[in-house]
Amino acid sequence: MILPIVGYGHPVLRKVGESITEEHPDLKEMIANMYETMYNANGVGLAAPQVGKAFRLFIIDTTPFSDDEDLETSKQQELNGFKRTFINAKMLIEEGEEWCFNEGCLSIPDVREDVYRNPKITIEYCEEDFVIKTEVFEGLIARVIQHEYDHIEGILFTDKISSLKKRLIQKKLKNITEGKTFQDYRMRFIAKKGR
């Protein structure tokens with residue numbers, strides 16, 4: 001089932017997500033719905049707060065980045081089919097010299113900004129089997145994970161840009177809060193009901 005994506009300004013996007021247990025009701029269904037929602041919106045990642053649930057859950061599929069002809073063949077292959085569910089993730093290490101990439105967010109449509117992040121991360125998480133694993137990720141995969149991880153910490157990519165850039169996009173953000181934006185996917189806003 002395709003879920004409405006919560007727009008910028010909704011308080012759930014600022015909540016730190018709660019941990020999930022194996023007994024969480026309808027967890028498999030929620031994850032399946034999140035994947036369907038993400039693919040419907042042409043996203044590469046989606047966190048539970050973006051569908052109105054303040055839980056420590058996010059999903060990613062970096063396949064769309066594998067079409068980037070500017071990337072080396074090995075990087076394209078790494079990105080193609082990289083699909084993962086992260087439950088109760090905990091960022092352990094972010095390292096390396098920060099690099100810039102133009103980011104966007106399904107909850108903040110029509111806004112893209114350059115964001116600096118570390119190129120390498122070590123993260124602890126579970127998949128649906130609830131077996132805890134620790135993995136190291138680099139490059140675009142690490143970036144997508146960091147972006148979605150921020151969501152479960154109540155952080156948005158717009159928090160990581162300069163105050164000048166924030167002022168320049170203030171009107172766009174206000175319009176999103178008020179639901180004055182149109183996407184090819186369903187959204188929910190605090191100021192009015194989503195379509």
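**The largest pocket and the cores**

Mentor: The largest pocket has a volume of about 390 Å³. A pocket here is an open set of points on a 1 Å grid over the protein atoms alone, where a 1.4 Å probe fits, with protein on both sides within 12 Å along at least five of seven lines. Points are joined across faces, edges and corners, and the volume is the space filled by probe spheres set on them. The model is predicted: local features need pLDDT of at least 70, side-chain atom pairs count only at pLDDT 80 or more, and totals for chains, interfaces and linings use all residues. Numbering runs from 1 along each chain as its sequence is written, and side-chain values use heavy atoms, without hydrogens or water.

Now the lining. It has 23 residues, and V44, E103, G104, C105 and R112 lie nearest the centre. Lining residues have an atom within 4 Å of a point. β5 (99–105), β6 (108–117) and α3 (139–152) each give two or more residues. Strands are DSSP runs of E, at least two residues; helices are runs of H or I, at least four.

Next, the packing. The largest nonpolar core has 38 residues; M34 is among those that touch the most other members. Such a core joins buried (under 20% relative accessible area) Ala, Val, Leu, Ile, Met, Phe, Trp, Tyr and Cys residues through side-chain atoms within 4.5 Å. Its largest share, 6 residues, comes from α1. Beyond four places in sequence, M34 is in contact (heavy atoms within 4.5 Å) with L46, A47, A48, V51, L57, F58 and I59.

Conventions. Buried means under 20% relative accessible area, exposed over 50%, partly exposed in between (1.4 Å probe, protein chains only).
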